[in-house]
Amino acid sequence: MTTSKDIDKQSLGENDRNTKRNWKLEDLTVVSAILAWYILNIGTVLHNKYIFKSIEFTFPLTLTAIHMLSSTIGSFLVLKIFKLHPLVPVSSDQWKLRLIPLGCMSCFNIILGNVSLRFISVSFMQTIKSLTPAFTVILQAIFQNIYADAMARISLIPVVGGVGLACFTELEFNTIGFLSAMLSCFISSLQGIVDNIMLNGPSELDSINLLYYTAPVALVMIVPVAWTFEGHKLLYHYDIDKNEQIEGSYTFLAINLIVSGIVAYLLNISYLYAVKYTNPLTFTVLGNLRVILIIILSIELFHNKVTYFNVTGCGIAVLGILWYYYLQYRKKSIADMKTSLELEFKQDPNIDKTSILIG
């Protein structure tokens, strides 16, 4: 005869199996989002540097405007025309107080990133960007009262230091590029925290909807700025009264700019998904592994000088990231164990707690 206790145990076992399946699906989503963000981010940085350096399209504000236009059009097509994803309505207060500031923040971050790429090398830019986790720790403590534990803070030392050492011999100092990259670090950290709140808060905005609302704001901001500072130079530099050979190079440039815009839209989507499924500090530490890959690829593509310090720095940074993830994995495992035990105790108050803890 089946008792109520047996039914409760069966239900508990079924809940555990469902939880495990949900965790596997969530883990797959996390890995996919991070992998897509890695590939698209690395491709965007290197492709933008190629546009600035090899094609000699030296207009970072205009490139940012193209990226924002692509994101605006892409989000509109997905949500309004083809309706591939449900549109989430927002209130006027959400629009004014949260989405407009977030769109401005995103615009400034992309502008600063492109400006720094225009004036300094990829390796120098990534060296400065490696400071982002430190900014994240500080900003989380100030705005969210979230404090990283001592071991997590210590694990950031080899991550930041290793990335700095990896490109120490490749520094090409430029004041505008340096200040742009530093300010971009600060805004990236702040944006990661705000995006995480928006994606997981009461507004229930997913990544596609968030981009749908913020991209037009960024576009409206960047177009007049780009026209004011680069419009005249752009028209003068690319005079339409050219020969066929030059017109052919214009076609090649146009293709590259269109590809850059499409990739930028996909990058924004993958970025927001990655932010949603990771906490801000983990996300920025993940970014440092991306830094290592970008440095390696930039050395290969742009023939930067490789030294013993580059290789050593990469190794130190990777070890720091592995250390950080070990700490995060251990912390998460302990939290999951406590949650599981609390669920079992709630289902069966008479369960032998000592035997479970020992077993």
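Student: Which residues have the most contacts inside the largest nonpolar core?

Tutor: This is a predicted model, in which local features need pLDDT of at least 70 and side-chain atom pairs count only at pLDDT 80 or more, while totals for chains, interfaces and linings use all residues. Residues are numbered from 1 along each chain as its sequence is written, and side-chain values use heavy atoms, with hydrogens and water left out. A nonpolar core is a set of buried Ala, Val, Leu, Ile, Met, Phe, Trp, Tyr and Cys residues joined through side-chain atoms within 4.5 Å, where buried means under 20% relative accessible area, exposed over 50%, and partly exposed in between (1.4 Å probe, protein chains only). The largest such core has 23 residues, and those with the most contacts inside it are Trp37, Leu210 and Leu211.

Student: Which element gives the most residues to this core?

Tutor: Helices (H or I, at least four residues) and strands (E, at least two) are DSSP runs, numbered from the N terminus. Two or more core residues come from each of α1 (4–53), α2, α3, α8 (207–237) and α9 (244–276). With seven residues, the element that gives the most is α9.

Student: How many residues does the second, separate core have?

Tutor: Among the members of this second core are Leu46, Ile51, Leu117 and Phe124. Phe124 is also one of the buried residues of α4. The second core has 21 residues.

Student: How many of the residues of helix α4 are buried?

Tutor: Helix α4 covers residues 122–129. Its buried residues include Val122, Met125 and Lys129.

Student: Where in α3 does the kink lie?

Tutor: The expected span of a helix is 1.5 Å times one less than its number of residues. The 28 residues of α3 should therefore span 40 Å, and its end C-alpha atoms are 39 Å apart, which agrees. The bend at a residue is the angle between axes fitted to the seven residues ending there and the seven starting there. Shortly before the proline Pro101, a kink of about 35 degrees lies at Leu99.

Student: How far apart are the end C-alpha atoms of helix α5?

Tutor: Helix α5 has 12 residues (132–143), which should span 16 Å. The separation of its end C-alpha atoms agrees with this, at 16 Å.

Student: Is Lys83 buried or exposed?

Tutor: Lys83 lies in the loop between α2 and α3. Although not a glycine, Lys83 has a positive phi of about 50 degrees. Its relative accessibility is 64%, so Lys83 counts as exposed.

Student: Is Phe82 buried or exposed?

Tutor: Phe82 lies in the loop between α2 (60–81) and α3 (92–119). Because its relative accessibility is 55%, Phe82 counts as exposed.

Student: What distance separates the C-alpha atoms of Ile55 and Tyr250?

Tutor: Ile55 lies in the loop between α1 and α2. With a relative accessible area of 17%, Ile55 is buried. Tyr250 is 195 residues from Ile55 along the chain, and their C-alpha atoms are separated by 9.9 Å.
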